[in-house]
Amino acid sequence: MLRSTLAQQGTPVYSVAWGPDSEKVLYTAGKQLIIKPLQPNAKVLQWKAHDGIILKVDWNSVNDLILSAGEDCKYKVWDSYGRPLYNSLPHEHPITSVAWAPDGELFAVGSFHTLRLCDKTGWSYALEKPNTGSIFNIAWSIDGTQIAGACGNGHVVFAHVVEQRWEWKNFQVTLTKRRTMQVRNVLNDAVDLLEFRDRVIKASLNYAHLVVSTSLQCYVFSTKNWNTPLIFDLKEGTVSLILQAERHFLLVDGGGIYLYSYEGRFISSPKFPGMRTDILNAQTVSLSNDTIAIKDKADEKIIFLFEASTGKPLGDGKLLSHKNEILEIALDQKGLTNDRKIAFIDKNRDLYITSVKRFGKEEQIIKLGTMVHTLAWSDTCNILCGLQDTRFTVWYYPNTVYVDRDILPKTLYERDASEFSKNPHIVSFVGNQVTIRRADGSLVHISISPYPAILHEYVSGSKWEDAVRLCRFVKEQTMWACLAAMAVANRDMTTAEIAYAAIGEIDKVQYINSIKDLPSKESKMAHILMFSGNIQEAEMVLLQAGLVYQAIQININLYNWERALELAVKYKTHVDTVLAYRQKFLETFGKQETNKRYLQYAEGLQIDWEKIRAKIEMEITKERERSSSSQSSKNVGLRH
């Protein structure tokens, strides 16, 4: 029963493909490609894609990319807005078929006596010349390991994907046959052969473990011992994604998301409404030792956050939501659970960072960079790297944005990235080595300075003297800037003072000195919070400690006149002090009072500066006495 006619045109439609959300259809019209939404009156997208008639298209639901093949003997890769991402060189014969692998990482291309396997970015892995005539159609098996091709000579050609490689530190693993892997240790040239009962579907090598899924089982190998893997059965055979963290790994299949320890123990299985596991990939799922983050497909502005140990939503169950669609997410790998951060790139190619901790107060989402195409966290410490337009950038201490945003540029390492050509991609960031794959498929290795990682290690172990010694040895501004931010984040103001002095931030050194002279630890804490720009938290600390005058004073110092008066009136104290400072402020600038609340409270009030100074002195003395009495009671407790 015909439901509707989507299009009528004067040229044959040679190929058609559903969009990832099943709400759009892509079809061919001569040399043009057309994307037609199913909603009536929605805008149709049309562009000239080839110089010859287009014979075949395919649209992948995981990476949202489009393939097209034509009689101009070329195949091309497009994004869903019709922007070209890859354009092949002309072949000898028209390209008669193209097809995406289900996970969107590979695609196959068929032509006359030709079968080609390509990466999703377009470059070619392998070229076969079977005696088949033209290959008119290609179908992938659901697990993405085999291809069947419909040939012009009446045969069906079958092919298997082999020679996949995984690398980690000094180990290289190669899938030599469908059921055999070869492990090579490049340090001593030792070679191990790993045999499997069924064909290998997916594998991942990281954190000193190789995880391999076959059609029925999962194997976990330790790099220390290749002879005795841990083996357990899989619920559903087609694993589409394996992600690893230091303590555990994640398997994604058609039925769900499963977290296992390296001992093979099942830990948890996070679930969320409208979950579709078939469209998850390494860009939309991220794993750390305590957190799982998954980008929502239904609303691409949302990230779901789960506790790894239970699979339940993190904190109070609030989702992380952003103002734009999110393209790629990545959790940092080290540090405490409370300090866990997530970095993500949105569709404007802006890079943001935020805390995954979700309790009550809304966490700030702060922009780290613009025009970022790809990112990766280091596996040994919380250093972030990314490719920004024409630069390769390393954020040695991304947390600086929460502590002192002014010195963020001083904590970066940048170098020219034009050598990586167009559309490069960061493959891994292990230790101090970053591996980047260029658009032509070649791998480039970049080594970054090992010193920031050592600094992270010292700071996490509170070895401040060692950290200062390291910075003095290295003599680099980036190291001192990182140490300054780390010291403030960890409330070590002595180290912060040394580090700020080394980078010439004299005003901050003076402020830190003034903090040291404050009488009570609450006042010190509040001023450290103010130093990092957390004004409300600073005020809260003072009010909870009963230091109302000090809370009023910080608002006066920041010219928050409304809030200063509000506090004075609420706590029925120092109203005259606020009015006096306000009057002095206006006189300095030769202005008249226009604020109604200030006019109301100033009516009939005489400002007596002598009296106000005496009151302020009294408040400071009171705070000193309180501080010394609490200190002496502590000492008494220790003597007991």
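# Close-up views, one spot at a time

**View 1. T390 counts as partly exposed because its relative accessibility is 46%.** Here, buried means under 20% relative accessible area, exposed means over 50%, and partly exposed is in between (1.4 Å probe, protein chains only). This is a predicted model, so local features need pLDDT of at least 70 and side-chain atom pairs count only at pLDDT 80 or more, while totals for chains, interfaces and linings use all residues. Residues are numbered from 1 along each chain as its sequence is written, and side-chain values use heavy atoms, with hydrogens and water left out. T390 sits in the loop between β37 (384-388) and β38 (391-395); helices (H or I, at least four residues) and strands (E, at least two) are DSSP runs, numbered from the N terminus. Setting aside residues up to four places away in sequence, T390 touches R415, D416, A417 and S418, where contact means heavy atoms within 4.5 Å. Follow the chain to A108 and you'll find that A108 and T390 are 282 residues apart in sequence and 31 Å apart in space, C-alpha to C-alpha.

**View 2. Here we look at F392 and the largest nonpolar core.** A nonpolar core is a set of buried Ala, Val, Leu, Ile, Met, Phe, Trp, Tyr and Cys residues joined through side-chain atoms within 4.5 Å. The largest one has 48 residues, and F392, L455, L483 and Y500 have the most contacts inside it. Apart from it lies another core, of 20 residues, with A538, L542, A545 and A568 among them. Back at F392, leaving aside neighbours within four places in sequence, its contacts include Y413, R415, F420, V434, I446 and I448.

**View 3. N432 sits in the loop between β40 (425-430) and β41 (433-437).** With 30% relative accessibility, N432 counts as partly exposed. Which residues does N432 touch, not counting residues up to four places away in sequence? They are I446, S447, I448, S449 and P450. As for S447, it is 15 residues from N432 in sequence and 5.8 Å from it in space, C-alpha to C-alpha.

**View 4. K120 belongs to the loop between β11 (114-119) and β12 (124-128).** Is K120 buried or exposed? K120 counts as buried, because its relative accessibility is 19%.

**View 5. S213 is part of strand β21 (residues 209-214).** S213 has a relative accessible area of 0%, so it's buried. Residues up to four places away in sequence aside, S213 touches V200, I201, K202, C218, L234, V239 and I242. A487, by contrast, is 274 residues away from S213 in sequence and 44 Å away in space, C-alpha to C-alpha.

**View 6. W18 lies in strand β1 (residues 16-18).** At 53% relative accessibility, W18 counts as exposed. Together with L6 and L38, W18 makes a nonpolar surface patch of about 300 Å².

**View 7. UniProt places a "domain: IFT80/172/WDR35 TPR" feature (unreviewed entry) at residues 479-625.** The span is 76% helix and 0% strand, and its end C-alpha atoms lie 40 Å apart. UniProt positions are in the numbering used here, feature names are shortened, and annotations may be inferred rather than shown by experiment.

Definitions and conventions. Patches are made of residues with over 30% relative accessible area and no salt bridge: like charges are joined within 9 Å, nonpolar side chains (Val, Leu, Ile, Met, Phe, Trp, Tyr) within 5 Å. Accessible areas come from the Shrake-Rupley method with a 1.4 Å probe; for residues, only the protein chains shown count as cover. A salt bridge is a side-chain nitrogen of Lys or Arg within 4 Å of a carboxyl oxygen of Asp or Glu.
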